[in-house]
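Me: Please put the model on screen, and then take me through how its features are read.

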Amino acid sequence: MDVSTPPGTDDIERGDGLLTVDRERAAAAVRELLLALGEDPDREGLVDTPMRVAKAFEETFAGLRQDPAEILSRTFSIDHDELIIVKDIEVYSTCEHHLVPFHGVAHVGYIPAKDGRVTGLSKIARLVDVYARRPQVQERLTTQVADALVQHLGAQGVLVVVECEHLCMSMRGVRKPGATTITSAVRGQLRDPATRAEAMSLMKAPTSR
Ligand SMILES: Nc1nc2c(ncn2[C@@H]2O[C@H](COP(=O)(O)OP(=O)(O)OP(=O)(O)O)[C@@H](O)[C@H]2O)c(=O)[nH]1
Ligand SMILES: [Zn+2]
């Protein structure tokens, strides 16, 4: 299966505000879908549904209109060149095959650039959100987060691990609730087996709070 970045989704080209959501068109499509399913889109409970769904999709796919470079543009010089890990970042994304959610956590570890500049911790979680709020496959979400940290932050090493349950596997199709998919992407110095093992053990350690 091809999980590379599809044409037209390059972040630099996309930029902020290049894509806007055509709510009327989305709502009309949802109305058509309801008709195709044999529903009555004019009954009381459904009459506002097409526009509601259009707005909900706008939020769910907000990452299509956000620029990861901008999120990582604010950095702090704290002269730190050791491993930093933000773990258990909640992930809500949408499977691009069925347009149903997949949900779980991401753990992101990185070794800052040589100049010791780091990004704010919340920006790591924001970065995950930008890529999660797009039609996705889990593999691409994982590699995009890793590549953004190298590209925009100059990280010398990155390890991203994502663990999710896909509702397209739980509530329909093969119907295997509880099955978890784990993906990882490793870059630079974190390819070193000892450094990678240290990062992995910290990501797996129980959180003491
Ligand atoms: N690799 C990968 N596959 C995914 C992801 N999300 C969903 N899928 C899979 O995408 C595949 C699509 O397969 P198809 O045979 O085209 O679609 P389908 O007939 O609906 O398949 P079933 O889900 O098996 O019923 C399924 O096997 C899904 O489990 C993902 O993030 N990564
Ligand atoms: Zn799916």
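Me: How many bridges join strand β6 to β7?

Reply: Two strands pair if DSSP finds at least two bridges between them. Helices (H or I, at least four residues) and strands (E, at least two) are DSSP runs numbered from the N terminus. In this case eight bridges join β6 (residues 157–166) to β7, and the two run antiparallel. One such bridge links E163 to I182 in β7. This is a predicted model, in which local features need pLDDT of at least 70 and side-chain atom pairs count only at pLDDT 80 or more, while totals for chains, interfaces and linings use all residues. Residues are numbered from 1 along each chain as its sequence is written, and chains are lettered from A and ligands numbered from 1 in the order in which they are written.

Me: In what order do the strands of the open sheet lie?

Reply: The order is β5-β2-β3-β6-β7, five strands with mixed pairing. At the edges are β5 (135–136) and β7 (181–188), each of which pairs on one side only.

Me: Which way do β2 and β3 run, and how many bridges join them?

Reply: β2 and β3 run antiparallel and are joined by nine bridges. I84 is opposite Y110 in β3. The two strands form a hairpin with five residues between them, and L99 in the turn has a positive phi of about 55°. On to the next pair: β3 and β6 are antiparallel and have 10 bridges, with I111 partnered by G157 in β6.

Me: Which strands does helix α5 lie across?

Reply: Contact here means that the C-beta atoms of two residues, placed from the backbone, lie within 7 Å. Axes are lines fitted to C-alpha atoms, for helices over the stretch in contact, and angles run from 0 to 180 degrees between N-to-C directions. Helix α5 (residues 121–132) lies across β2 (84–95), β3 (101–111) and β5, at about 20° to β2. Helix α6 also packs on the sheet: it touches β2, β3, β5, β6 and β7, and its direction makes about 25° with that of β7.

Me: What does T195 touch, leaving out residues up to four places away in sequence?

Reply: T195 touches G157, Q189 and L190. It is found in helix α8 (residues 193–204) and is partly exposed, because 18 other C-beta atoms lie within 10 Å. T195 and G157 are 38 residues apart in sequence, with their C-alpha atoms 9.4 Å apart. Over the protein chain, 73% of contacts between residues at least 6 apart in sequence join residues at least 24 apart.

Me: Where are D79 and R175 placed?

Reply: D79 is in the loop between β1 (75–77) and β2, and R175 is in the loop between α7 and β7. Phi is positive in each, near 55° for D79 and near 50° for R175, and neither is a glycine. D79 counts as exposed because it has 10 C-beta neighbours inside 10 Å; R175 is exposed because it has 9.

Me: Which residues are closest to ligand 1?

Reply: A residue is near a molecule if its C-beta atom, placed from the backbone, lies within 6 Å of it. Ligand 1 is surrounded by 11 residues, and the closest are C95, H97, V137, Q138 and G173. The elements giving two or more residues to this shell are α6 (138–153) and α7 (167–170). By type, the shell has six nonpolar residues, four polar and one charged. Ala, Val, Leu, Ile, Met, Phe, Trp, Tyr, Cys and Pro count as nonpolar, Asp, Glu, Lys and Arg as charged, and the others, Gly among them, as polar.

Me: How far apart do the centres of domain 1 and domain 2 lie?

Reply: Their C-alpha centres lie 29 Å apart. The bounds, domain 1 (11–60) and domain 2 (74–204), come from an automatic or database domain assignment.

Key:
Buried ≥ 20, exposed ≤ 12 C-beta atoms within 10 Å, placed from the backbone.
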